Amino acid sequence: IAEQAAALDYISLRLYNHRRYLWNDQLLQPTVYHMKYLSAQEVLAQDTITNPERWPLILDYATLTDQSIVEAAKEIVFQYRLWETRISNTEVLRIRFTRQIQKTQDILELSTIIKKFNAESDLYAKM
């Protein structure tokens, strides 16, 4: 059990390091990104924009980047989905290798599992 716990800790630390560059260090920044994404979805669902002040996060972004509110909303959705995909890749690694470690009964298999994890996570980290 101790070896399995150490292997799980190792995987968690490596994935944290892979995810670290995807998260801004600002407090609640992922929440802000999600709020912007939801607002951008609302903007894109509109036939016409009559009151852009309704979406201040999108309007401010559009103003700062010299874009229309619709262009800004499209860019925000694209960036959010790209970020979401990259996070999803690390989550798949976490689940798959955590389950392998939890299921193994042979301590000697842990080394092989960790080597496979390193090979896959190193490929991800280089992307």
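Which residues are exposed on the other side of helix 1? The points below take up this question after a remark on confidence.

1. The model is predicted. Mean pLDDT for the protein is 89, with 91% of residues at 70 or more.

2. The buried residues of helix 1 are Gln4, Ala7, Ile11, Arg14, Leu15, His18 and Arg19. Viewed down the helix axis, these buried residues fall within an arc of 135°, so they line one face of helix 1. On the other side of the helix, the exposed residues are Ala2, Asp9, Leu13 and Tyr16.

3. The largest nonpolar core comprises 14 residues, and Ala40, Val43, Trp55, Ile58, Ile69 and Ala73 have the most contacts inside it. Helix 2 (29-45), helix 3 and helix 4 (69-103) each give two or more residues to this core; helix 4 gives the most, with 8 residues.

4. Leaving aside residues up to four places away in sequence, Ile58 touches Lys36, Ser39, Ala40, Val43, Ile69, Ala72, Ala73 and Ile76.

5. A second, separate core has 10 residues, including Leu15, Phe97, Ile101 and Phe117. Leu15 is also one of the buried residues of helix 1.

How values were computed: Residues are numbered from 1 along each chain as its sequence is written. This is a predicted model: local features need pLDDT of at least 70, side-chain atom pairs count only at pLDDT 80 or more; totals for chains, interfaces and linings use all residues. Side-chain values use heavy atoms; hydrogens and water are left out. pLDDT is the predictor's confidence in each residue, from 0 to 100. A nonpolar core is a set of buried Ala, Val, Leu, Ile, Met, Phe, Trp, Tyr and Cys residues joined through side-chain atoms within 4.5 Å. Buried means under 20% relative accessible area, exposed over 50%, partly exposed in between (1.4 Å probe, protein chains only). Helices (H or I, at least four residues) and strands (E, at least two) are DSSP runs, numbered from the N terminus. Contact means heavy atoms within 4.5 Å. The arc is that of the directions from the helix axis to the C-beta atoms.
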